[in-house]
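Here is a short tour of one protein model. Take a look at it first, then read on.

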Amino acid sequence: MADMDPETATNTAGEEEPLFSNLDLFLFSLIVGLVIYWFMSRKQPEPIPEFKKLDTLTPTTRETSFVEKMKKTGKNIIVFYGSQTGTAEEFANRLAKDAQRYGMKGMSADPEEYSMGELARLAEIENSLAIFCMATYGEGDPTDNAQDFYDWLQENDDENLSGLNYTVFALGNKTYEHYNAMGKYVDKRLEELGAKRIFDLGQGDDDGNLEEDFISWREQFWPAVCEHFGVEASGDESSIRQYELKVHTDVNMNKVYTGEIGRLKSFEVQKPPFDSKNPFLAPVTVNRKLNKAGDRHLMHLELDITGSKIRYESGDHVAVFPTNDSELVNKLGEILGVDLDVVISLNNLDEESNKKHPFPCPTTYRTALTHYLDITNPPRTNVLYELAQYASDPKEQENMRKMASSSPEGKALYQNWVLDSCRNILAVLEDMPSLKPPIDHLCELLPRLQARYYSIASSSKVHPNSIHICAVVVEYKTKTGRVNKGVATNWLKNKLVNGHKSTVPMYIRKSQFRLPFKASNPVIMIGPGTGIAPFMGFVQERGWLKQQGKEVGETVMYFGCRHKNEDYIYQEELEAAEKNSVLTQLNVAFSRDQDHKVYVQHHLKKNKEHIWKLIHTDNAHIYVCGDARNMAKDVQMAFYEIAEEYGSMTRTQATDYVKKLMTKGRYSQDVWS
């Protein structure tokens, strides 16, 4: 108490005063009130954007309902397509367009964009019909965009499709083991689930004349549809435009597509993941000629994928997006008398369609003809039919309409004048001088330029940041004396290492063509010519596995070419692999170095006993890559003979034996025709 102020001491001794005065309490309440008000006012707006976000989800949900879209737009026919190279999509568009000529309304649809579980609901629409244009890819597989639909068909045994009317047109190639497998499966499976087939399965063979197969089927299909639904064809054979032209006179060039596949400026600002809609621009680091002599050009390219996060396995395919030859593009501009650098958009007249433009818009005619449209393949009959109206010479117009007809004379003329003569759209325009179509209609009709697939010729274990391509440049003289050049191979050939525009838009397509899970399993590789490509990756990988100390089974190679001193490609690499015992056996057939032709199948027959031991006793895996039309069949016959002789089987038993190897994944093919 000695240190306490006397006044304070007096107050303490007297009546005790409150801890806070009235003023203190007032100020405290004011501060608390202000704090609460501040918090409340700050939090109040928060729920508003949340409700807005919820609202935007509704249209997205509706977008996956093709039934709702058909009801909204008064459509009763839907044409789904499973397409890898664009042909099935093109046929689907043609069928959807046809519907209008038969007094109905159709739309084409990508099954990947819609909920296919809604097929049962199609019965809600009167006189409804689902058409399926289904291509088969690889070893009887669905195309990428039809994979989910295929899975749905397989998994839904309890689905009731009794109200669904359908028909299927299958696209394939008879040289392949599983001809039209996807189309046949869809046709059979829909029937199993209760759907009603209203017209027989159509089958198109790309090894023959796919266009003729389609036209013949279509000619019978539409009358059958009219009869089924009790409707009459409108008889309207006039041209029906799907897109309208808009010319942009005042446009920001930063908003104009210059060759991008998907997102605008995606080639300037690259963002993973990279796929078919967002390819990676890979620089070309190596481009060398493989053959020592001869009139062909076989080439080896290496693409740098550093920093792309792209992963691949040996046996996968690399897809590249080529561009058309500028000389062809310029000639088209000249013959049609147009300024190719005009900025345009082609806008779908059906505002409800998911496909707003036939290719990325706005763009220039030059970009469209260079990057987006196929100008080198012979035009299909529907293109000739639509363009015929622009021929001022009655004889030329008559011939074009005739070629587009289903008459035997018309089919023969189309086969001879267009297909056998390999006339592309430029050649058609040159040889029919009175034909002057508007360029926008031509651009609407031409199919999209497609990606090209190559078997990867490297192993990611050895080359994680590089993808190798092995290809032969396509160039030939036609019956009309013109020189036709393969789009992709000539474009790749001209890619200069570290030069201007030396990048390649690419992505990876996964494959089932895989080395055995157990490295100790022997492998037998058969790949003449550029069919050796995936096996270069296999050899690199088997060598890497040996270096890792793994037990690696026998690695046997059968390669073939014309002449040892001309086109024995990768000779140094193969002989080095044999010397290092990575290849336990290297068999090379030089077909034209002697009087009689010697092919890979002849070498297989020479080693029958060893091959039978590898397959039957040692659980070997067989791989065949290259030509489907002759080589793959001849090789398969050689295996039948080996099974007959050393397995004491009949031809039927030998065939079943090889088929079982295929089913078990021990006989794989990566073939093309």
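## Cysteines

C443 is buried, with a relative accessible area of 0%. This is a predicted model. The sulfur of C443 has its closest cysteine sulfur in C361, 9.3 Å away, which is too far for a bond. A disulfide needs two cysteine sulfur atoms within 2.5 Å.

C361 is buried as well, and its relative accessible area is 9%. How many disulfides does the structure hold? The count is zero. C361 is thus in no disulfide, and its nearest cysteine sulfur is that of C443.

## Domains

The domain assignment gives four entries. Domain 1 spans 66-229, and domain 2 is made of 272-321 + 451-511. Domain 3 covers 323-450, and domain 4 covers 523-671. The C-alpha centres of domain 3 and domain 4 are 44 Å apart.

A UniProt annotation from an unreviewed entry, "domain: Flavodoxin-like", covers residues 77-222. Over residues 77-222, the chain is 34% helix and 24% strand. The end C-alpha atoms of this stretch lie 12 Å apart.

## Aromatic pairs

A search of the whole structure finds 29 aromatic pairs. One of them joins F91 and F169.

W217 and F221 make another pair. Planes under 30 degrees apart count as stacked. W217 and F221 both sit in helix α8 (residues 210-229). They are four residues apart there, about one turn of the helix. W217 is buried, and F221 is buried too.

## Charges over rings

Two further contacts bring a charged side chain to a ring. R401 lies over the face of Y385, 5.6 Å from the ring centre. K461 places its charged end over the ring of W544, at 6.0 Å from the centre of that ring.

How values were computed: Residues are numbered from 1 along each chain as its sequence is written. This is a predicted model: local features need pLDDT of at least 70, side-chain atom pairs count only at pLDDT 80 or more; totals for chains, interfaces and linings use all residues. Side-chain values use heavy atoms; hydrogens and water are left out. UniProt positions are given in the numbering used here, feature names are shortened, and annotations may be inferred rather than shown by experiment. Helices (H or I, at least four residues) and strands (E, at least two) are DSSP runs, numbered from the N terminus. Rings of Phe, Tyr and Trp (its six-membered ring) pair if their centres lie within 6.5 Å; planes under 30 degrees apart count as stacked, over 60 as edge-to-face and the rest as tilted. Buried means under 20% relative accessible area, exposed over 50%, partly exposed in between (1.4 Å probe, protein chains only). A charge sits over a ring if NZ of Lys or CZ of Arg is within 6 Å of the ring centre and within 35 degrees of the ring normal. Domain bounds come from an automatic or database domain assignment.
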